[in-house]
Amino acid sequence: MTTKKEFNYVPWVVGLSIAINAIVVALLFIPKLEPQTGFDVTILPLLNAVLNSFTFVFLLAALYMILKKNVLWHKRFIFAAFTTTALFLVSYLTYHSMASSTSYGGEGIMQTIYYFILITHIVLAALIVPLALLTLARGLTMKVEKHRKIARWTMPLWLYVSLTGVLVYLMISPYY
């Protein structure tokens with residue numbers, strides 16, 4: 001009797017997580033590219049916020065569906081959230097490869113709130129990459145108990161990251 005060897009997704013999760021986070025960090029240090037003539041990169045932060053908004057809504061819908069035990073629609077909404085997140089990542093990397101960082105211009109308590117949201121958003125965004133990939137892989141490979149255990153952490157953190165991405169945009173948009 002032959003046993004079917006199970007696909008080991010962990011190296012892919014680790015590799016993608018390292019690569020994605022390394023590229024984001026590298027953008028802080030590499031020289032900015034010149035945007036192609038006629039392309040206004042300043043539209044990309046708004047697009048990023050819209051994509052984060054869709055991710056947030058898709059995640060809420062996925063959560064609602066799994067609470068209703070509708071696995072098919074849960075999967076569909078999770079795939080939708082991954083799609084909008086992937087599009088966000090492309091847009092984010094494009095923008096930050098061509099534009100310098102924008103400084104927050106507010107003062108006082110709003111500045112404190114902004115930087116608290118921004119720092120927690122950045123730290124948790126880096127963490128959500130491996131968490132979301134691992135949660136997805138466990139769900140797709142039908143490791144239901146392991147999927148549930150990690151999803152209890154992934155879902156609220158991913159919701160926070162997508163929501164705070166929108167909040168960061170709304171708070172800094174007057175300074176673009």
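Predicted model: local features only at pLDDT ≥ 70, side-chain atom pairs only at ≥ 80, totals over all residues.

Which helix gives the most residues to the lining of the second largest pocket? The answer is H5, with nine residues.

## Second largest pocket

This pocket has a volume of about 740 Å³. It is lined by 25 residues, and those closest to its centre are Ile66, His74, His147, Arg148 and Ala151. Besides H5, the nine-residue contributor, the helices H2, H3 and H4 each supply at least two residues of the lining.

By residue class, the lining of the second largest pocket holds 16 nonpolar, five polar and four charged residues.

## Largest pocket

The largest pocket has a volume of about 1,200 Å³. Val24, Phe88, Tyr92, His121 and Ala125 are the closest to its centre among the 44 residues that line it. Two or more lining residues come from each of helix H1 (10-26), helix H2 (44-67), helix H3 (71-98), helix H4 (108-140) and helix H5 (144-172).

H4 gives the most to this lining, with 11 residues. The lining of the largest pocket divides into 30 nonpolar residues, 13 polar residues and one charged residue.

## Helix H2

H2 has 24 residues and reaches 34 Å from its first C-alpha to its last, close to the 34 Å expected at 1.5 Å a residue. Just after H2, Lys69 takes a positive phi of about 65 degrees.

The buried residues of H2 are Leu44, Pro45, Asn48, Ala49, Leu51, Asn52, Thr55, Phe58, Leu59, Ala61, Ala62 and Met65. An α-helix has 3.6 residues a turn, so residues three or four places apart point the same way. The buried residues of H2 pack against H3 and H5. H2 also supplies at least two residues of the lining of the second largest pocket, as do H3 and H5.

## Annotated spans

The unreviewed UniProt entry places the feature "transmembrane region" at residues 12-31, 43-65, 77-95, 115-136 and 157-175. Over residues 12-31, the model is 75% helix and 0% strand, and the end C-alpha atoms lie 29 Å apart.

Residues 157-175 are 84% helix and 0% strand, with 27 Å between the end C-alpha atoms.

Conventions
Residues numbered from 1 in each chain as written. Heavy atoms only, no water. UniProt positions renumbered as here; feature names shortened; annotations may be inferred. Helix = DSSP H or I, 4+ residues; strand = E, 2+ residues; numbered from the N terminus. 1 Å grid on protein atoms, 1.4 Å probe; cavity = no way out; pocket = protein on both sides within 12 Å on 5 of 7 lines; lining within 4 Å. Points joined across faces, edges and corners; volume = space filled by probe spheres on them. Nonpolar A, V, L, I, M, F, W, Y, C, P; charged D, E, K, R; others polar. Expected span 1.5 Å × (residues − 1). Buried < 20%, exposed > 50% of the residue type's maximum accessible area, 1.4 Å probe, protein only. Contact = heavy atoms within 4.5 Å.
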